[in-house]
Amino acid sequence: MSRTKWRALAAVTLLIAGSGILAAAGPAQADPTMPTLTAIRTGNNAGFDRVVLDLGSGAAPAVSYQLVDELTADASGEIVWLTGEFFINVAVTPATAHDESGNPTYPGPQKFRTRNLTNVMAVALTGDWEGQLSVGLGVRSRTTVNVFTLTAPTRVVIDIAH
């Protein structure tokens, strides 16, 4: 390669690098720690049932819910059979139920009945895929649902009215 072509190539490379196009070649910025599921707790309160997802350290995730006709497993799409007349699918993002090595961080059952609750009949871990944790609830009646996060420690709270 001639000296002129080499200088032109070097100049273009510096120009592109300075514009940020080659920024990926530089050191990667650290992502915040993704919270991991450590426990699922339930409780019967005056006027509502509460399901709490305890999470390990990390930023508080975003949460949403949907009333659905049936629960499906992430990412297979297979039906998750759960006791209930109606179903609530709760999505927690970003969150996971396994560590960096793929080992589960939640030691409890993947599905369980909640005989001590008035409206919630059962709970199931329905997904742990690509940074989204999904939990399904089987309920006796369609009613008010309130989903929110708390910090110190981080947890997702799901309140379902009786």
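Me: If buried means under 20% relative accessible area, exposed over 50% and partly exposed in between, with a 1.4 Å probe and protein chains only, what share of the 162 residues of the chain counts as buried?

Reply: This is a predicted model, in which local features need pLDDT of at least 70 and side-chain atom pairs count only at pLDDT 80 or more, while totals for chains, interfaces and linings use all residues. Residues are numbered from 1 along each chain as its sequence is written, and side-chain values use heavy atoms, with hydrogens and water left out. Over the 162 residues of the chain, the share that counts as buried is 36%.

Me: What pattern does the chain follow when read along the sequence?

Reply: Helices (H or I, at least four residues) and strands (E, at least two) are taken as DSSP runs numbered from the N terminus. On that basis the chain has 1 helix and 11 strands. Read along the sequence, they follow the pattern α-β-β-β-β-β-β-β-β-β-β-β.

Me: Among contacts in the chain with a separation of 6 or more, what percentage comes from residues 24 or more positions apart?

Reply: Contact here means heavy atoms within 4.5 Å. Among the contacts with a separation of 6 or more, those between residues 24 or more positions apart make up 59%.

Me: Which residue is the bridge partner of Thr149 in E11?

Reply: Two strands pair if DSSP finds at least two bridges between them, and strand E10 (residues 145-150) pairs with E11 in the antiparallel sense over 6 bridges. Within this pairing, the partner that Thr149 finds in E11 is Val156.

Me: What separation lies between the C-alpha atoms of Val63 and Phe148?

Reply: Val63 sits in strand E3 (residues 62-68) and is partly exposed, because its relative accessible area is 25%. Apart from neighbours within four places in sequence, Val63 is in contact with Ala91, Val92, Val147, Phe148, Thr149 and Val156. Although Val63 and Phe148 are 85 residues apart along the chain, their C-alpha atoms are separated by 6.7 Å.

Me: With which side chain does that of Asp159 make a polar contact of 2.6 Å?

Reply: Asp159 belongs to strand E11 (residues 155-161) and counts as buried because its relative accessibility is 11%. Beyond neighbours within four places in sequence, its contacts include Phe48, Asp49, Thr144 and Phe148. A polar contact is a pair of N or O atoms within 3.5 Å; within protein, one must be able to donate a hydrogen and the other to accept it, and residues adjacent in sequence count only if both atoms are side-chain atoms. The side chain joined to that of Asp159 by such a contact, at 2.6 Å, belongs to Arg50.

Me: At what distance does the side chain of Thr96 make a polar contact with the side chain of Asp128?

Reply: Thr96 is in the loop between E6 and E7, and it is buried because its relative accessibility is 7%. Its side chain has a polar contact of 2.7 Å with that of His98. The polar contact between the side chains of Thr96 and Asp128 is at 2.9 Å.

Me: What is the phi of Ala152, a residue other than glycine?

Reply: Ala152 is in the loop between E10 and E11 and counts as exposed because its relative accessibility is 74%. A cis peptide bond, with omega about 0°, joins Ala152 to Pro153. In this hairpin, which has 4 residues between the strands, Ala152 takes a positive phi near 60°.

Me: What is the volume of the largest cavity?

Reply: On a 1 Å grid over the protein atoms alone, a cavity is a set of points where a 1.4 Å probe fits but cannot get out, and lining residues have an atom within 4 Å of a point. Grid points are joined across faces, edges and corners, and a volume is the space filled by probe spheres set on the points. By this rule there is 1 cavity of 30 Å³ or more, and residues including Leu67, Phe86, Arg142 and Ile160 line the largest cavity. The volume of the largest cavity is about 40 Å³.

Note on methods
On a 1 Å grid over the protein atoms alone, a cavity is a set of points where a 1.4 Å probe fits but cannot get out, and a pocket is an open set with protein on both sides within 12 Å along at least five of seven lines; lining residues have an atom within 4 Å of a point.
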